[in-house]
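Let's walk through this structure together. Take a look at the picture, then read on.

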Amino acid sequence: MKKLVVLIILATTLAACSRTEQGAAVGGLGGAAVGAAVANDPVEGAVVGGAVGAVAGALIGRATEPGRCRYRDRYGGVYIARCPAGY
């Protein structure tokens with residue numbers, strides 16, 4: 001059962017669309033693992049570490065996409081393109 005959960009989490013991480021989403025997913029997983037390992041209460045440590053890791057990962061992921069914006073078309077699809085001037 002634990003292996004299945006780990007595989008689902010890894011598949012979700014790999015399926016993330018943008019670098020920001022990938023950074024948030026990887027940061028959240030890493031933060032949860034570290035938080036659970038070092039905290040007195042593993043559950044609380046995992047929650048706090050996951051939240052902090054997700055935010056940090058998203059910020060790092062976003063920094064690797066300078067000048068790129070995510071757009072949604074009228075059919076629900078998402079694509080990434082250059083941001084408008086002044087954005």
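α2 (19–38) and β1 (68–72) each supply at least two residues of the lining of the largest pocket, and β1 gives the most, with 3 residues. Helices here are DSSP runs of H or I with at least four residues, strands are runs of E with at least two, and both are numbered from the N terminus. A pocket is an open set of points on a 1 Å grid over the protein atoms alone, where a 1.4 Å probe fits, with protein on both sides within 12 Å along at least five of seven lines; lining residues have an atom within 4 Å of a point.

In total, 12 residues line the largest pocket, and Arg62, Glu65, Arg68, Cys69 and Arg70 lie nearest its centre. By class, that lining has 4 nonpolar, 3 polar and 5 charged residues.

How far can you trust all this? This is a predicted model, where local features need pLDDT of at least 70 and side-chain atom pairs count only at 80 or more, while totals for chains, interfaces and linings use all residues. Residues are numbered from 1 along each chain as its sequence is written, and side-chain values use heavy atoms, with hydrogens and water left out. The pLDDT (the predictor's confidence in each residue, from 0 to 100) averages 79 over the protein chain, and 82% of the residues score at least 70. Where pLDDT is low, the predicted coordinates should not be read in detail.

Terms used:
Ala, Val, Leu, Ile, Met, Phe, Trp, Tyr, Cys and Pro count as nonpolar, Asp, Glu, Lys and Arg as charged, and the others, Gly among them, as polar.
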